[in-house]
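User: I would like to learn how to read the features of a model like this one. Where do we begin?
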Amino acid sequence: MISGTSMAAPHIAGIAALAKQKHPHWSPAAIKSPLMTTSSMLDRAVRPLRAQQYSETEAMKLVAATPFDYGSGHVSPRAALDPGLIFDAVTNVAEEETYMISARMQPAVAIEVNPPDMTNKPGASRKFTVTLIIRTVTGSYSFGEICMKGSRGHKVRIPVVSQGYWR
């Protein structure tokens with residue numbers, strides 16, 4: 001009743017309407033992209049997002065959340081309206097900007113991103129490669145992210161989830 005998609009849907013729809021008003025030529029994918037990539041894994045008090053967990057033997061408790069709980073994270077309307085990059089053909093929607101690309105993952109999986117930086121002119125698109133290497137077969141999920149920090153202050157975050165096992 002007080003959390004989850006039933007509460008998020010009207011908020012996201014309203015922010016998407018504001019984005020469409022500001023950027024009338026953007027496609028639905030172009031509007032969705034910054035809603036996801038400019039989100040945060042921190043709450044308004046700048047603490048990691050938490051999830052409710054229930055068990056048959058214990059009352060509800062709060063535990064560390066994962067992308068399975070929060071999706072892309074806590075939406076940032078201001079950042080979503082001025083994202084820098086959008087993933088609708090990976091396109092620069094701002095002035096020329098250089099992005100430093102970094103990635104981190106839980107220890108069971110190594111992550112590599114190439115190139116480590118890229119410069120995009122306005123309206124230009126660039127490609128980058130992400131490689132995941134299983135270090136330890138765990139049978140469970142590993143979580144991480146790709147972070148792109150722009151020279152003009154834009155930040156783009158892409159959640160990454162991998163299951164650590166070989167077939």
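Analyst: Begin with a cut-off for exposure: a residue is buried under 20% relative accessible area, exposed over 50%, and partly exposed in between. Glu 96 has 36% relative accessibility, so Glu 96 counts as partly exposed. Bear in mind that this is a predicted model.

User: How many of the residues, as a percentage, count as buried in the protein?
Analyst: Of its 167 residues, 32% are buried. The C-alpha atoms fill a box of roughly 55 × 40 × 30 Å along the principal axes.

User: What is the order of elements from the N terminus on?
Analyst: The order is α-α-β-β-α-α-β-β-β-β-β-β-β-β. That gives four helices and 10 strands.

User: How do I read a salt bridge, and how many does the structure hold?
Analyst: Side chains of opposite charge can pair when their charged atoms come close. Here there are five salt bridges. One of them joins Lys 121 and Glu 96, at 3.1 Å from N to O. Lys 121 sits in the loop between strand 7 (117-120) and strand 8 (129-134), and Glu 96 in the loop between strand 4 (91-92) and strand 5, so the pair ties together parts 25 residues apart in sequence. Lys 121 is exposed, with a relative accessible area of 52%.

User: What is the distance between the closest N and O atoms of Arg 47 and Asp 43?
Analyst: These atoms are 3.4 Å apart, and the two residues form a salt bridge. Asp 43 has 22% relative accessibility and therefore counts as partly exposed.

User: Is Glu 145 buried or exposed?
Analyst: Glu 145 is buried, because its relative accessibility is 5%. Its side chain meets that of Arg 104 in a salt bridge of 2.8 Å, N to O. This pair links distant parts of the chain, with Glu 145 in strand 9 and Arg 104 in strand 5, 41 residues apart. Through shared partners, salt bridges join Arg 104, Glu 145 and Arg 157 into one network.

User: How is a pocket found, and which residues lie nearest the centre of the second largest pocket?
Analyst: Rolling a probe the size of a water molecule over the atoms shows where empty space is left. In this model the second largest pocket is lined by 32 residues, and Ser 40, Met 41, Arg 104, Glu 145 and Arg 157 lie nearest its centre. Two or more lining residues come from each of helix 3 (67-70), strand 5 (97-105), strand 9 (141-150) and strand 10 (155-163). Strand 9 gives the most, with five residues. The volume of this pocket is about 660 Å³. Its lining divides into 15 nonpolar, 10 polar and seven charged residues.

User: Which residues form a nonpolar patch on the surface?
Analyst: Tyr 54, Met 60 and Leu 62 do, with about 330 Å² of accessible area together. Leu 62 belongs to strand 2 (residues 61-64). At 47% relative accessibility, Leu 62 is partly exposed.

User: What should I look for in the backbone?
Analyst: Most residues other than glycine have a negative phi, and most peptide bonds are trans. Val 46 is not a glycine, yet has a positive phi of about 60 degrees. Val 46 lies in the loop between helix 2 (28-37) and strand 1 (50-53), and counts as exposed at 60% relative accessibility.

User: Which residues does a cis peptide bond join?
Analyst: The cis bond joins Asn 114 and Pro 115, with omega about 5 degrees. Pro 115 is in the loop between strand 6 (109-114) and strand 7.

Key: Residues are numbered from 1 along each chain as its sequence is written. This is a predicted model: local features need pLDDT of at least 70, side-chain atom pairs count only at pLDDT 80 or more; totals for chains, interfaces and linings use all residues. Side-chain values use heavy atoms; hydrogens and water are left out. On a 1 Å grid over the protein atoms alone, a cavity is a set of points where a 1.4 Å probe fits but cannot get out, and a pocket is an open set with protein on both sides within 12 Å along at least five of seven lines; lining residues have an atom within 4 Å of a point. Grid points are joined across faces, edges and corners, and a volume is the space filled by probe spheres set on the points. Ala, Val, Leu, Ile, Met, Phe, Trp, Tyr, Cys and Pro count as nonpolar, Asp, Glu, Lys and Arg as charged, and the others, Gly among them, as polar. Patches are made of residues with over 30% relative accessible area and no salt bridge: like charges are joined within 9 Å, nonpolar side chains (Val, Leu, Ile, Met, Phe, Trp, Tyr) within 5 Å. Accessible areas come from the Shrake-Rupley method with a 1.4 Å probe; for residues, only the protein chains shown count as cover. A salt bridge is a side-chain nitrogen of Lys or Arg within 4 Å of a carboxyl oxygen of Asp or Glu. Buried means under 20% relative accessible area, exposed over 50%, partly exposed in between (1.4 Å probe, protein chains only).
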